[in-house]
Amino acid sequence: MIIRILGEGQREIADSELDGLNALDEKLENAVESGDEATFTEALAALLTAVRSAGSPLADDSLEDSDLILPPSDATLDEVRALLSDDGLIPG
Amino acid sequence: MSLMKRISLIFRSKASTALDRAEDPRETLDYSYQRQVELLAKVRRGVADVATSRKRVELQVAQLRQQENKLTDQAQKALAMGREDLAREALTRKSAITAQVGDLAAQQAQLQGEEEKLTLASQRLQAKVESFRTRKETIKATYTAAEAQTRINEAFSGISEEMGDVGLAVQRAEDKTAQMQARAGAIDELIASGALDDASSINRGDDIARELEAMSSQSDVESELAALKAKSAPQSIEAGDSTPQAELTAQQGEQQKQEGQA
């Protein structure tokens with residue numbers, strides 16, 4: 001499975017790692033829903049660290065579709081909310 | 001649905017609307033052109049085959065005509081030698097050959113007509129293939145340009161996943177710039193209001209000191225102005241008492257100055 005961290009690039013992750021990542025992802029999702037900025041920052045950092053350590057980076061010139069996409073490490077709660085809204089951060 | 005999945009789905013739906021995954025029309029055009037070129041080659045081979053048949057018939061007709069002439073000569077010679085039977089035989093053979101020549105001549109005319117038709121068709125087809133080739137290249141170029149334009153638009157609007165990164169980075173850069181501009185504006189206002197010291201005048205003390213300094217500099221100006229007035233006052237009195245002689249001398253001096261300038 002290929003996961004992209006926005007602003008950092010893509011990493012290839014073994015399927016066996018997904019359960020652990022999903023647990024962290026769930027924490028992050030709860031933090032976004034509850035609007036707790038501190039928990040959100042902590043959860044995002046934990047998820048990104050787990051992805052970075054579990055995955056091997058893909059070469060910049062490889063053309064692979066990402067299976068999953070994650071917000072950048074310095075994203076704020078509001079930015080992630082905007083990313084999840086209908087229009088996302090990108091217009092159009 | 002998990003956060004990662006939701007973000008991915010949003011990006012993917014944007015990317016799929018931006019990217020047309022239909023087959024490349026340029027390949028279809030190239031294939032079509034290839035087929036036309038093959039058809040043209042077939043028609044040309046057909047023209048060549050018909051021309052070859054026509055020439056073969058022409059040769060046969062020429063040979064038969066030679067035989068006809070030969071038999072006519074033989075009949076004349078036989079008659080000259082008084083052999084009427086031989087002359088009759090020769091003319092009988094000749095009449096069979098003449099009939100054959102007639103058939104072949106009709107065949108030759110037919111082949112000639114076929115050949116002309118095919119040549120014309122081949123020329124028309126060639127013109128069509130040529131014009132198709134030009135159109136195909138135009139369409140391909142237009143398509144390539146449109147595709148490039150789509151990619152550019154896509155890049156600008158940051159629709160694709162890769163461009164998502166760029167879009168985000170651009171937004172961050174813009175946000176930072178706006179933030180810095182706002183900060184610079186706020187600092188200017190604070191300096192103007194005196195709440196914040198201007199770094200260039202930081203050694204000149206606080207606002208009270210500045211005010212005192214301003215006041216003293218103002219009083220310096222006033223006192224200097226008063227001194228200047230005092231100095232120039234006696235001169236103006238002297239100028240008021242000037243005699244007619246003095247005025248005349250002054251006028252002469254002015255005249256000399258003007259002449260000197262001219």
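Trainee: In strand S2 of chain A, which residue is the bridge partner of Ile3(A)?

Mentor: The bridge partner is Arg11(A). Please note that this is a predicted model, in which local features need pLDDT of at least 70 and side-chain atom pairs count only at pLDDT 80 or more, while totals for chains, interfaces and linings use all residues. Residues are numbered from 1 along each chain as its sequence is written, chains are lettered from A and ligands numbered from 1 in the order in which they are written, and side-chain values use heavy atoms, with hydrogens and water left out.

Trainee: What makes S1(A) and S2(A) joined strands, and how do they run?

Mentor: Two strands pair if DSSP finds at least two bridges between them. S1(A) and S2(A) share four bridges and run antiparallel, so they meet that criterion. Strands themselves are DSSP runs (E, at least two residues), as helices are (H or I, at least four), and both are numbered from the N terminus. In the hairpin of these two strands, three residues lie between them, and Gly7(A) has a positive phi near 85°.

Trainee: Which strand is joined to strand S1 of chain A by three bridges, and how do the two run?

Mentor: That is S4(A), which runs parallel to S1(A), residues 2-5. Ile5(A) stands opposite Leu70(A) of S4(A). Strands of a sheet pair through backbone hydrogen bonds, either parallel or antiparallel.

Trainee: Why is the pairing of the open sheet in chain A called mixed, and what is the order of its strands?

Mentor: The order is S3-S2-S1-S4. S1(A) is antiparallel to S2(A) but parallel to S4(A), and the pairing of the sheet is mixed. The edges are S3(A), residues 56-57, and S4(A), residues 68-70, each of which pairs on one side only. Helix H2 of chain A, residues 37-54, lies across S1, S2, S3 and S4 of that chain, at about 130° to S1(A). That angle, on a scale from 0 to 180 degrees, is taken between the N-to-C directions of lines fitted to C-alpha atoms, for helices over the stretch in contact.

Trainee: How do you know that both faces of S1(A) are covered?

Mentor: Ile2(A) and Arg4(A) on one side are buried, as are Ile3(A) and Ile5(A) on the other. Buried means under 20% relative accessible area, exposed means over 50%, and partly exposed lies in between (1.4 Å probe, protein chains only). In a regular strand the side chains alternate between the two faces of the sheet.

Trainee: Why are the buried residues of H3(A) said to line one face of the helix?

Mentor: The buried residues of H3(A), residues 77-84, are Leu77(A), Glu79(A), Val80(A), Leu83(A) and Leu84(A). Seen down the axis, they fall within an arc of 160°, so they line one face. The arc is that of the directions from the helix axis to the C-beta atoms.

Trainee: Where is confidence in chain B lowest, and where is it highest?

Mentor: pLDDT is the predictor's confidence in each residue, from 0 to 100. Chain B has a mean of 53 in H6(B), residues 244-261, its lowest, and of 86 in H2(B), residues 25-80, its highest. The chain average is 72, and 58% of its residues score at least 70. Over residues 238-244 of chain B, pLDDT stays under 50, and the model has one contact beyond four places in sequence there; contact means heavy atoms within 4.5 Å. Where pLDDT is low, the predicted coordinates should not be read in detail.

Trainee: What is the mean pLDDT of chain A?

Mentor: It is 82, with 85% of the residues of chain A at 70 or more. For the complex, the predictor gives an ipTM of 0.72 and a pTM of 0.36.
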